[in-house]
Amino acid sequence: MTHYGLMCPASTGHWNTILPLGKELQQRGHRVTLIGILDAQAKAQAAGLEFRVIGESEFPLGSSAEFFAKLGQLNGQEAFKYTIQLFKDTTNISLRDAPKVIKDAGIEALLMDQIMSEGRTIADVSGLPFITICSAVVLNREPSVPPFMTNWDYSPAWWAKLRNKLGYKLLNRATQPITELINNYRREKNLSAYSNANDRYSQLAQISQQPAELEFPRHNLPQCFHFTGPYHSSTGRVVPDFPFDKLTGQPLIYASLGTIQNRLLGVFQSIAEACQNLDAQLVISLGGSASPEVLQGLPGNPLVVGYAPQLQLLEKAELTITHAGMNTTLECLTNGVPMVAIPIANDQPGVASRIVWSGCGEAVPVKKVNADNLRIAIKKVLTEDSYRKNALRLQAAIQKAGGTKRAIDIVEQAISTGKPVLN
């Protein structure tokens, strides 16, 4: 039996990815501890896992809600800049607190969310093997793939590679404060500084919950990189009440902007206007951004709820209008549901561009959202068979990819042998 530690950002999307992996490890006889701010304790307990806290001085009440509430009101570059500052602060907390917590808990191996740039450094300082878990869009950089925060189309052409190179330079500049923080810490611990962003990831195994079919063509991924498909589970999730008796039996359009960047209430207004004359029922989940009463009287009288049982509704949906968060995107594709994406910030534009590229949906940038633009995209996805066919194609790919069990097979092999697991 191995004692595994799990670390990921303090947000629902990342918890929903890593907790099912932890539960699978536990069911195979391992000991599993989630490490995070107190926000995460309830999630760990709901999943039946152990918990260790970091960041108590910064989050004495355990809540990051204030930070996410502000982020939820932003989009585009403003949201990205705010996210970078937030990640710098949390990186500092992790580097300061996590190694001691890991040592005191007797943890023997680590699963680190790829979005945590400090993951390898924490493992190095702790002297432990670690696995990189890609819960968001794949962050590994290569010349032919656009930076994750852009909505740029994929192209192998020379001009696209030049565009991408410039994009990565801008990304390096934006994330320089985090890079300097980590490299200074590494020097203090007599570790070499990173020369390349891809050096931050595990050399034993890097595991993505995307199916390969949702990713742009890749040529430079390491041999230990694996596309396993998603880890969806009810593990650690609270299933909210929902008035299923109010579903009319019409084709269901499900709209959600996630649980963080979801406070742009005008977008919900535009969604309602775009759907009001369709022969369909619109269900809007606000993800805690506001009380449903705030949006009463929307055009078309959609069913508006604070939170929705997303996995259950996607089994009934004909179309999802989404912020293009990776978890919602994969949950849609698991159910063969095509999408209209409204990417708001961070990796969402990159996910949306992959939705369009794979043919399972359309995208409307948040700055171009209005009822007319959305109506055109919604009607196109609902009426043209190719979108549903491609969503079903990706559904089949997900079913073959292996999901949670394959991911943990890779984890166990890497940790037990101490050698890279090659794809």
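Here is a quick briefing on the fold of this chain and a few of its parts.

This is a predicted model, so local features are kept at pLDDT of at least 70 and side-chain atom pairs at pLDDT 80 or more, while totals for chains, interfaces and linings use all residues. Residues are numbered from 1 along each chain as its sequence is written, and side-chain values use heavy atoms, with hydrogens and water left out. The secondary structure comes to 14 helices and 13 strands; these are DSSP runs numbered from the N terminus, with helices being H or I of at least four residues and strands being E of at least two.

**The whole chain**

- For 423 residues, a compact globule would have a radius of gyration near 22 Å, and the chain agrees with its 21 Å. (That radius is taken over C-alpha atoms, and the globule rule is 2.2 Å times the number of residues to the power 0.38.)
- The C-alpha trace spans about 65 × 50 × 40 Å along its principal axes.
- Of the 423 residues, 57% count as buried. Buried means under 20% relative accessible area, exposed means over 50%, and partly exposed is in between, using a 1.4 Å probe and protein chains only.
- The chain exposes about 17,800 Å², and carbon and sulfur atoms supply 49% of that. These areas come from the Shrake-Rupley method with a 1.4 Å probe; for residues, only the protein chains shown count as cover.
- Take the contacts between residues at least 6 apart in sequence: 69% of them join residues at least 24 apart. A contact here means heavy atoms within 4.5 Å.

**Helix 13 (residues 385-401)**

- Helix 13 has 17 residues and reaches 25 Å from its first C-alpha to its last, close to the 24 Å expected at 1.5 Å a residue. The expected span is 1.5 Å times one less than the number of residues.
- Tyr387, Ala391, Leu394, Gln395, Ala397, Ile398 and Ala401 are buried in helix 13. They sit on the same side of the helix because they cover an arc of only 165° around the axis, where the arc is that of the directions from the helix axis to the C-beta atoms.
- Over on the other side of helix 13, Asp385, Lys389, Gln399 and Lys400 are exposed.
- What do the buried residues of helix 13 pack against? Their partners are strand 7 (225-227), helix 10 (326-334), strand 13 (361-363), helix 12 (371-383) and helix 14 (403-417).
- Gly402 follows helix 13 and has a positive phi, near 110°.

**Helix 7 (residues 176-188)**

- Ile178, Thr179, Ile182, Asn183, Tyr185 and Arg186 are the buried residues of helix 7. Down the helix axis they fall within an arc of 160°, so they line one face.
- Asn190, which follows helix 7, has a positive phi near 60°.

- Strand 4 is largely enclosed by the rest of the structure, because 5 of its 5 residues are buried.
- Ala109, Leu111 and Asp113 cover one side of strand 4 and Leu110 and Met112 the other, all of them buried.
- Strand 1 (residues 3-7) runs parallel to strand 4, joined by 4 bridges; strands pair if DSSP finds at least two bridges between them. Gly5 stands opposite Leu110.
- Strand 5 (residues 130-134) also runs parallel to strand 4 with 4 bridges, and Met112 stands opposite Thr132.

**Arg141**

- Arg141 is in the loop between strand 5 and helix 6 (158-174).
- Arg141 and Asn198 are 57 residues apart in sequence, yet 6.7 Å apart C-alpha to C-alpha.
- Leaving out residues up to four places away in sequence, Arg141 touches Tyr168, Leu171, Asn172, Ala197, Asn198 and Arg218.
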